[in-house]
Amino acid sequence: MAMTACNPAAPPRRVTVLGSTGSVGQNTIDLIERHREAYDVEALTARSNVDLLVEQAIRLRPRFVAIAEPDLYLPLKNALSGTGIEIAAGSRALVEAAERPSDWVMAAIVGAAGLAPTLAAVRRGAIVALANKEALICAGSMLMAEVRASGATLLPVDSEHNAIFQVFDFERREAIERIILTASGGPFRELGLDAMANVTPEQAVAHPNWDMGAKISVDSATLMNKGLEVIEAHHLFTLPSEQIEVVIHPQSVVHSLVAYVDGSVLAQLGPPDMRTPIAYTLGWPARIAAPTSRLNLAEIGQLTFEAPDETRFPALRLARECLQIGDGAPTVLSAANEVAVNGFLTRKIGFLDIVRIVERTLERIPLLPLGSLDDVTALDKAARVLSASFVEGA
Ligand code: NAD
Ligand code: MG
């Protein structure tokens, strides 16, 4: 049975999905297809998965499809010939996809590669559903300034930030004492450091609760993901590090909490399925149905919480230090982490080397305040070159 959006009389919302072939992208497409009459697809983009992109384009009939890999232009064009869909390739094409006139843009490209298209969507004042946390971490102050200047609406997709967004009283900020981000603890929550040194990429990407892309799965295993999320929360909710607490919650049912000055703590709960936060942003400000399992608290029985262990998981401390330092430190953190995670996934370095390489990169690279997008790009590139040399030398 097809589900309907809250307001069937409203004209379809015109939507663009950047990174439509990824984990968040595919969940977004799933929701759009379940509410087909409520959405009109403007553009879809992918890096290299032509087959899936073609399949999505044939089903959803976007006006424009972009592939990041220039070599894949012809295969994509041939596969979609006769459909009337406009095709483009290369990094400029991703920006064009974001610039095209849609009401709503899902920013679900992974890594700093998503910054330029996300920024393009923000600059034209769109409603931007932000999954691509690395964009906000590498250029946080700049991106938030662009949001304010253009009047764009930034809706967090990351489950923790989406939870906070749902219970954060923006009208009475002074009543908010702190926010509490929950973390599952990842697959190695109970593992000692000796055993952690030998884990494989397959073990690291096998997340106990969530089914996600490879990069964020490894970040969840090192807890770098939670460190990045502290920085993400700092920008989204304008809070200092001291007001952003992290608690380990292995069941991933309480997605995050907001504590108020009167002692009240408000939380958003749900089964660990990204379609809930994505649906929240897709329908916003209305709520639309999502086909997730329903929360059955009696069946779950127990929800547990524990403090994070920063000795076994130093990424959390490192990310907080970067937030404190400012001046491009988060840019370097995120870029070096992308390179190191890739080095681990391709078996060039061990699991514990990931955070070591990020830390070494931060120690060696000269930091400067970031005044422009060019500054961000230059620092991001320098961090990649240096961390790649550590990966090769490991
Ligand atoms: P993924 O690896 O499954 O998908 C990434 C998407 O980005 C794909 O469509 C891919 O084609 C595209 N892409 C990758 N590199 C690109 C490049 N260089 N240029 C253009 N396109 C490129 O990743 P994901 O798990 O869907 O995560 C996407 C973003 O959402 C990440 O920033 C992640 O941190 C965030 N996020 C994901 C989840 C989740 O459940 N997967 C949850 C919270 C936040
Ligand atoms: Mg998250």
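Figure 1. His35 is buried, with a relative accessibility of 0% (buried means under 20% relative accessible area, exposed over 50%, partly exposed in between, with a 1.4 Å probe and protein chains only). This is a predicted model, in which local features need pLDDT of at least 70, side-chain atom pairs count only at pLDDT 80 or more, and totals for chains, interfaces and linings use all residues. Residues are numbered from 1 along each chain as its sequence is written, chains are lettered from A and ligands numbered from 1 in the order in which they are written, and side-chain values use heavy atoms, with hydrogens and water left out. His35 sits in the loop between α1 and β2 (helices, H or I with at least four residues, and strands, E with at least two, are DSSP runs numbered from the N terminus). From His35 to Val95 the C-alpha to C-alpha distance is 27 Å, across 60 residues of sequence. Ala43 belongs to strand β2, residues 39-46. Ala43 is also buried, at 0% relative accessibility. Ala43 and Ala204 lie 33 Å apart, C-alpha to C-alpha, and 161 residues apart in sequence.

Figure 2. The shell holds 23 residues, of which Thr21, Ser23, Arg47, Glu134 and Gly213 come nearest (a residue is near if one of its heavy atoms lies within 4 Å). Helices α1 (23-34) and α6 (133-138) each supply at least two residues of the shell. By class, the shell has 12 nonpolar, 7 polar and 4 charged residues (Ala, Val, Leu, Ile, Met, Phe, Trp, Tyr, Cys and Pro count as nonpolar, Asp, Glu, Lys and Arg as charged, and the others, Gly among them, as polar). Backbone N or O atoms approach oxygen atoms of ligand 1: at 3.2 Å from Gly19, at 2.9 Å from Val24 and at 2.8 Å from Arg47. The protein covers 88% of the 820 Å² of accessible area that ligand 1 has on its own (Shrake-Rupley method, 1.4 Å probe; for residues, only the protein chains shown count as cover).

**Figure 3. Contacts of Ser102.** Ser102 lies in the loop between α4 (91-99) and β5 (104-107). Ser102 is buried, at 6% relative accessibility. Its side chain makes a polar contact of 3.2 Å with the side chain of Thr16 (a pair of N or O atoms within 3.5 Å; within protein, one must be able to donate a hydrogen and the other to accept it, and residues adjacent in sequence count only if both atoms are side-chain atoms). The Ser102 side chain also reaches the backbone oxygen of Trp104, at 3.5 Å.

**Figure 4. Helix α5.** In α5 (residues 115-123), 7 of the 9 residues are buried, so the helix is largely enclosed by the rest of the structure. The buried residues are Leu115, Pro117, Thr118, Leu119, Ala120, Ala121 and Val122. Just after α5, Gly125 takes a positive phi of about 75 degrees.

**Figure 5. Aromatic rings.** The whole structure contains 7 aromatic pairs (rings of Phe, Tyr and Trp, its six-membered ring, with centres within 6.5 Å; planes under 30 degrees apart count as stacked, over 60 as edge-to-face and the rest as tilted). Phe168 and Phe170 form a tilted pair, because their planes meet at 45 degrees, with ring centres 4.6 Å apart. Phe168 is buried at 6% relative accessible area, whereas Phe170 is partly exposed at 35%. Phe165, Phe168, Phe170, Phe237 and Tyr280 make up one aromatic cluster. Elsewhere, Arg360 lies over the face of Phe390, 4.1 Å from the ring centre (NZ of Lys or CZ of Arg within 6 Å of the ring centre and within 35 degrees of the ring normal).
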